[in-house]
Amino acid sequence: MSDKIGFIFPGQGSQVVGMGQAFVEDQPDLRKFYADASAVLGYDLAALCFEGPAEQLNNTEFTQPALLVTSIVALQALGSVLKPTVVAGHSLGEYSALVAAGGISFLDAVQLVQYRAKFMAEAVPSGSGLVAAILGLEPEEVEQACEEAQSEGVVSAANFNAPGQVVIAGEKAAVERAIEFAKAKGCKRAMPLSVSVPVHTVLMKPAADRLTPFVESASLSDLRVPLINNAEAKPLVKASQIRASLIQQLPSSVLWEQSIRVMGEIGVTTFVEVGPGTVLTGLVKRILPNATLCNVHNPESMQKTLATLKKVA
């Protein structure tokens, strides 16, 4: 297959009750991934993913392991039919991408993500943070709105997702003021998101500090294929680079638009979103309109992806 393929893995916001269930019903052996992860986590992850409740699934501490495991189940369902040229993941999805690239074992990733989620949730008092999507402004204008709101507290650009879509995060009052400034600059829409933890801001530095010894002691390997990292949008292969990047990621902005453009420069023309939802597929469509876009979130979408790739091969 001459087509260069990029695998991309979703982060928080893509979770939904019922995710992964169709894969397990189609390939019962995949239930083992949920069972093995449950033994590490200390609760029944399959029941949470398949049955909810949504309130618990949407809680950061549970969302992150659930998305990681379900994304890896989707990857396993896909099997060895497709081999990526390069991988990337959005925030939490970077850990799924790391597993896919052979940089860390599945269960070690589950353990690391459990720590990550716990430390993030504990870094900021519940209800004190806010995350919002700003639509229709240039990145520089969004950053300026955040700077103008600094008198109210911490607020900054957390995710540079796609042209005209930047997510900001920080302390509630500061984010609300930044939204006002963004509207004054002509933003089309400002939407508060149902993410209480202001990730990818300096407020996550304490979480990054707590996570550091666990990342440093984790068993990481050099990657089989490059990973384009969130913090710098650079292709990484060495385990030492990955360790530094995972720590840097938490208090740094996610450079998603830049990451996808770098994948395009490498020669990727087909992007396969592996895991729940199609959020990243929509973002790539806005970044590289001519790319072939596929996703694997249930058996039906997987078959459609395989059929599409036969046509473009």
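**Reading surface, core and backbone in a predicted model**

User: What does the overall fold consist of, and how does the radius of gyration compare with the globule rule?

Analyst: The protein has 14 helices and 10 strands. Its radius of gyration is 19 Å, close to the 20 Å that the globule rule gives for 313 residues, so the protein is as compact as a globular protein of that length. The C-alpha trace spans about 55 × 45 × 35 Å along the principal axes. Of the contacts with a separation of 6 or more, 74% are between residues 24 or more positions apart.

User: How far apart are the mean positions of the positive and negative charges?

Analyst: The 24 positive and 30 negative charges of the protein have mean positions 5 Å apart.

User: Which residues touch the most other members of the largest nonpolar core?

Analyst: The general idea is that nonpolar side chains tend to be buried together in soluble globular proteins. In this structure the largest nonpolar core holds 71 residues, and Phe7, Tyr34, Leu45 and Val272 touch the most other members. Helix 5, residues 60-78, gives the most to this core, with 10 residues. Apart from this core lies another, of 40 residues, including Cys146, Val155 and Phe160.

User: What does phenylalanine 7 touch?

Analyst: Leaving out residues up to four places away in sequence, phenylalanine 7 touches Leu75, Leu78, Leu82, Pro84, Val86, Val87, Ala88, Met263, Val272 and Val274.

User: Is threonine 305 buried or exposed?

Analyst: The cut-off for buried is under 20% relative accessible area. Threonine 305 has 3% relative accessibility and therefore counts as buried. This residue is in helix 14, residues 299-312. Beyond four places in sequence, threonine 305 touches Leu82, Val272, Cys294, Asn295 and Val296.

User: Where is cysteine 294 found, and which residues does it contact?

Analyst: Cysteine 294 is in strand 10, residues 292-296. At 4% relative accessibility, cysteine 294 is buried. Neighbours within four places in sequence aside, its contacts are Thr270, Phe271, Val272, Glu273, Thr281, Thr305, Thr308 and Leu309. Valine 199 lies 95 residues from cysteine 294 in sequence, and their C-alpha atoms are 28 Å apart.

User: Which two residues does a cis peptide bond join?

Analyst: As background, most residues other than glycine have a negative phi, and most peptide bonds are trans. Here glycine 52 and proline 53 are joined by a cis peptide bond with omega of about 10°. Proline 53 belongs to the loop between helix 3 (45-51) and helix 4 (54-57).

User: What is the phi of serine 91, and where is the residue placed?

Analyst: Serine 91 has a phi near 55°, which is positive although the residue is not glycine. Its place is the loop between strand 2 (86-89) and helix 6 (93-100). With a relative accessible area of 10%, serine 91 is buried.

User: In which loop does alanine 233 lie, and what is its phi?

Analyst: Alanine 233 is in the loop between strand 7 (227-228) and strand 8 (235-236). Its phi is positive, about 55°, and the residue is not a glycine. At 6% relative accessibility, alanine 233 counts as buried.

Definitions and conventions: Residues are numbered from 1 along each chain as its sequence is written. This is a predicted model: local features need pLDDT of at least 70, side-chain atom pairs count only at pLDDT 80 or more; totals for chains, interfaces and linings use all residues. Side-chain values use heavy atoms; hydrogens and water are left out. Helices (H or I, at least four residues) and strands (E, at least two) are DSSP runs, numbered from the N terminus. The radius of gyration is taken over C-alpha atoms; the globule rule is 2.2 Å times the number of residues to the power 0.38. Contact means heavy atoms within 4.5 Å. Lys and Arg count as positive and Asp and Glu as negative; His and the chain ends are not counted. The place of a charge is taken as NZ of Lys, CZ of Arg, CG of Asp or CD of Glu. Buried means under 20% relative accessible area, exposed over 50%, partly exposed in between (1.4 Å probe, protein chains only). A nonpolar core is a set of buried Ala, Val, Leu, Ile, Met, Phe, Trp, Tyr and Cys residues joined through side-chain atoms within 4.5 Å.
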